[in-house]
Every structure is written in C-alpha cells, then in structure tokens.
Amino acid sequence: MPDILIIGGGLAGMAAAAALVSGGNRVTLLESRPRLGGRASSFVDQTTGTTIDNCQHVNLGCCTNFRHFCDVTGISDSLRTEPSMTFIGTNRRGPDLYFRLFPNSILAPLQPSFRTHLLCASPLPAPLHLLPSFARLSYLTWYDKWRLAWGLKALAHRKIAGSNEIMSDWLRRHRQTPNTIQRVWQVVLVSALSESLDRIAVKDARKVFVDAFLANRHGWELQIPTAPLDTLYTQRVATWLRGQGTDVRPLAGVSRICMENDRATGVELRDGRILLADEIILAVPSFSVAALLPEHVAALPVIQGLKELEWAPISSVHLWFDRPIMPLPHATLVDRLSQWVFDREVADAPGGEVANYYQVVISASRELEGREQSDIIRDVVNELTEIWPMAQGARLINGRVVTEHKACLSMLPQNESLRPGSQSPIANVSFAGDWTATGWPSTMEGAVRSGYLAAENVAQHLGQPKRFVQPDLPVSWLARVLLGI
Ligand SMILES: Cc1cc2nc3c(=O)[nH]c(=O)nc-3n(C[C@H](O)[C@H](O)[C@H](O)COP(=O)(O)OP(=O)(O)OC[C@H]3O[C@@H](n4cnc5c(N)ncnc54)[C@H](O)[C@@H]3O)c2cc1C
C-alpha cells in the first residue's frame, strides 16, 4: 500500500487527504499548528477566553468543489444557505413612508437615509434571474443601471476570458459611471477577490461575474458556516478523515523534504523524526515552500518565482455588544469602510457576560495599515450606529481587529504566470494550495480544487488515474445565447 504524506492541514491538504484516502492508500496529514484549517481557522481570544474565527468565511453556489468537499466530509449541515444577499445603501429616493409618518421611531430597522436591498433570484432563467433585484437598487440612477448592463454584457463575452488588462482601466474604457464603479463593481469584486480594482485582472473579474451572477441561477447563493471553523475542520473533518483511515497529526511541523537520487524519500519533522513516503503533497503557503526543498530545487526559477507572488490583506473587526445591534443575519454595506457585517449570535464576553457578537469584514484593507485598533473599532461602530437605530445606546463590551496580511493572492496578471501547476520539479512531490494554477482565485474553492488536482496527480503517479475535480455549474442556454459565455 503506497504511503502518501500531505504537508499542511489547510483546505488544500484536507481536500487532498479526503480524495486519496478512498483509494486504498496510507495517507498521513501533517500540520504544524494544533488546529486544522490554516487560513480558515479559529484561535483563542485572550480577552474573552473564547475560540473565535480568524475571519468570517463564506462561499457561493459556484464553489462546486468546496461544496463537494463539505458533502463528502459530512459538514454541509453546518453551512446555512441565505435566502438572499442583503445590501444596505444610501436612499436616493428619500425616507420610506414609515419614516415620513414616524421620523424618530426607534422601531425602524434602518435610519431614514439608508435602504435595504435584497438580492435574490426571480423565476427568470439565468442570466436574467437577478435582473429585477438589480433594477430595484435605489443607490443607482437608471443611467447607471443601463451602463452597468452594457458593462456586464461586455465583460461576460468569452473573447475576454484571457484578458490581462487591469480592471480599473477596463471600467474607464467601458464608460462605467462613478456610481456603478463604487457601488457595484468595487463592492462585488473587492469582497470576492480581496483586492482593489487597480490590482485585479479583467479575466478574474469576469470569472466572478460570470460564475456567480450570470451563468447559472444558483451561482450567487451565499453559504455561511453556522459553527466555528475550528469545529468544522479541527473536530469534524479531522474525525471523518481519521474514520476513513487517515493519520491526522497536528503539531507535526515538517522541516525538510528528504531526497535520494532526485526522488523524495520522506520528510524530517521539526523534532528530528523521519517519516518515509512514496508520494508527497506540499500543501503549505507558497512562501513556505522553498525552505522545505533541497537547495538545488529551491534555486529553480519556478520556486524562486513563488517569492514574487503578491498577497492582499483582509481585516476582521470583532465586536461584542450588550444587545443586538442589527435585525439581519448578514449585510453588505455600500460606500462604507465596513464591507460585510455578520451576526455571529450570542457569545461569551469578558467578565462572564453573555454578549451579541458581530464580525465586520474589510477586504484589501491596506488603508488600515498603521492605524490604532481603537480608531478602527470606533469608525466601524459609528458606521453601524449610523445605519441601525437599534445600535444606538448599545454598549460595546469588547472589540478587536485581526488582520491577515497575506490573506489571499492578489489577482494581478504578473501573479498568474508565477502560479505553478500541481507537479513540482521533484517527480514524486505535488503542489497544492490556493496559490497554485487552478484557474480560480485564491479562495476556499481554489484551495479545495488544488487539493483535488494534487490528488489526481498522485493517483496518476501511482498508476490509478482518477478524476476528483468536480464540474462547474452548467451555463444556462439563455446565457450562452445572450452573452456568448
Ligand atoms: C481573513 C481571511 C478571510 C478569508 N475569507 C474567505 C472567504 O470568505 N471565502 C473564501 O472562499 N476564502 C476566504 N479566504 C481565503 C481562504 O481562507 C484561503 O484561500 C484558503 O483557506 C487557503 O487554503 P490552503 O490550504 O491553500 O492554505 P492554508 O490555509 O494557508 O494552509 C496551509 C497549512 O500549512 C500549514 N503549514 C505551513 N508550514 C508547514 C510545515 N512546515 N509543516 C506542516 N504544516 C505546515 C499551515 O499551518 C496551514 O495550516 C480568506 C482568507 C483569510 C486569511
């Protein structure tokens, strides 16, 4: 029975293990930290003593491989599909009737200058299913909407699927209005790709809009975990993997890959132990790869190129209030510093209090660099109070800002050419990770795809070729006819 070692217990490593364990292989998953999940994981907050997620993670209906991984490992029951996506924008049309009648009511869900928009599918077939929701956006004029429709049609066409133009230039060239750029293109793309519009290639922007909003009526559906990431991965997936026969070893950091005659023979752990292997999958972040390889391999251009990959930061602001501050499970805020707010329900707070716990996500958060935590928290709380009357008077019990500086790979054209495939320069070592060339941005879906691709590579080496990567959602006939997707 072949021995397969997987280094790195993030989503890429877990997905590779889930795929390979079913093929009668002896699979060992080595993770340096005490927890699985990597960048999608939890940590113990010293102030509250509770385990919190590093950041809210969400996925969309178009993430077919991530969803497959959740189904296979049995954690899908801990993902809630939202019936709609909620956007909160300024109210161009003036206060609703309710506010005209009761201008000072604290029962109103929103302050009069804001309006809630629900994005959800109408019975129309894709790509028209979201049209009625977009048409109702009150923070765009009809001219904005018309320009947006033309922009989307131009972006969707398959002839630009390989375009390396920068998105901000493309938007200018396609005469998108400042309103559509700031309130639609930026809102969607910064959330999906964790980068600013001047650091996103058109082909990646196209992928987001086509896969999530245009090709299939289920692509946009938002899923939110209902349990902490630690429960999903360190507990449930690890238990499932062990049940299938995988040897899951947390606190097993690898210090190097051992070689003999140009083939890997195994790994040395940080405590000096040697583990032998027939096949190895290296599922660590790109910036940790070179240090694990022998010098002559680390010197190769493909490995040196990994050092040039550029990453984008994501910040999450964790807030514990003494009462509920918003009446929604999630909201996307338009024109604000806070991009997404998630109600994480009740949680323990310092001093044994029970609090209402919220997470605010700020992607591509370079503008926060160098700012005091208390400053950021104050600005975010002010924004929430400005929007929801019920937040006024709420006492902030605790707040903290967590920034992951290398959260996601920047979707820059120069990055794309540096992403290697799953075959490493060593014959029996495969690469996995959201930084490999999966055709997807660096997301949970990209990470799971990379794990499945690495598993396919290993299966090929072992003479048992098998397909693990799941197909995309089908493109609707009308999207093909109308948009040429
Ligand atoms: C703040 C934040 C928010 C995000 N939000 C979303 C979101 O909402 N939706 C989404 O789809 N994606 C999101 N992402 C991106 C997503 O988390 C990542 O794309 C994905 O988790 C990457 O998985 P990975 O397995 O490729 O890498 P990692 O998660 O980085 O896993 C690599 C693992 O290797 C381990 N390791 C490193 N060196 C060694 C060694 N020497 N020995 C053993 N183990 C080692 C690490 O400890 C780590 O566990 C977010 C990321 C961040 C940081």
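Which atom of the ligand is 3.3 Å from an N or O atom in the side chain of Arg270? A nitrogen atom of the ligand is. The model shown in these views is predicted, with local features requiring pLDDT of at least 70 and side-chain atom pairs pLDDT 80 or more, while totals for chains, interfaces and linings use all residues. Residues are numbered from 1 along each chain as its sequence is written, and side-chain values use heavy atoms, without hydrogens and water.

View 1. A polar backbone atom of Ala12 is 2.9 Å from an oxygen atom of the ligand. For Arg33, a polar side-chain atom lies 3.4 Å from an oxygen atom of the ligand. On its own the ligand has 1000 Å² of accessible area, and the protein covers 94% of this (Shrake-Rupley method, 1.4 Å probe; for residues, only the protein chains shown count as cover).

**View 2. The shell around the ligand.** There are 35 residues around the ligand, and Glu31, Arg39, His57, Asp434 and Met444 come nearest (a residue is near if one of its heavy atoms lies within 4 Å). The shell holds 17 nonpolar, 12 polar and 6 charged residues; Ala, Val, Leu, Ile, Met, Phe, Trp, Tyr, Cys and Pro count as nonpolar, Asp, Glu, Lys and Arg as charged, and the others, Gly among them, as polar. Helix 1 (11–20), strand 19 (396–409) and helix 14 (444–461) each supply at least two residues, and strand 19 gives the most, with 3 residues. Helices (H or I, at least four residues) and strands (E, at least two) are DSSP runs, numbered from the N terminus.

View 3. Strand 5 is joined to strand 9 (residues 222–225) by 2 bridges, and Asn59 has Gln223 as its bridge partner in strand 9.

**View 4. The domains.** The protein is divided into domain 1 (3–42 + 227–308 + 411–461), domain 2 (120–219) and domain 3 (311–409), with bounds from an automatic or database domain assignment. Domain 1 and domain 3 each give at least three residues to the shell around the ligand. In domain 2, 10 residues are in contact with 11 residues of domain 3 (heavy atoms within 4.5 Å).

Definitions and conventions: A polar contact is a pair of N or O atoms within 3.5 Å; within protein, one must be able to donate a hydrogen and the other to accept it, and residues adjacent in sequence count only if both atoms are side-chain atoms. Two strands pair if DSSP finds at least two bridges between them.
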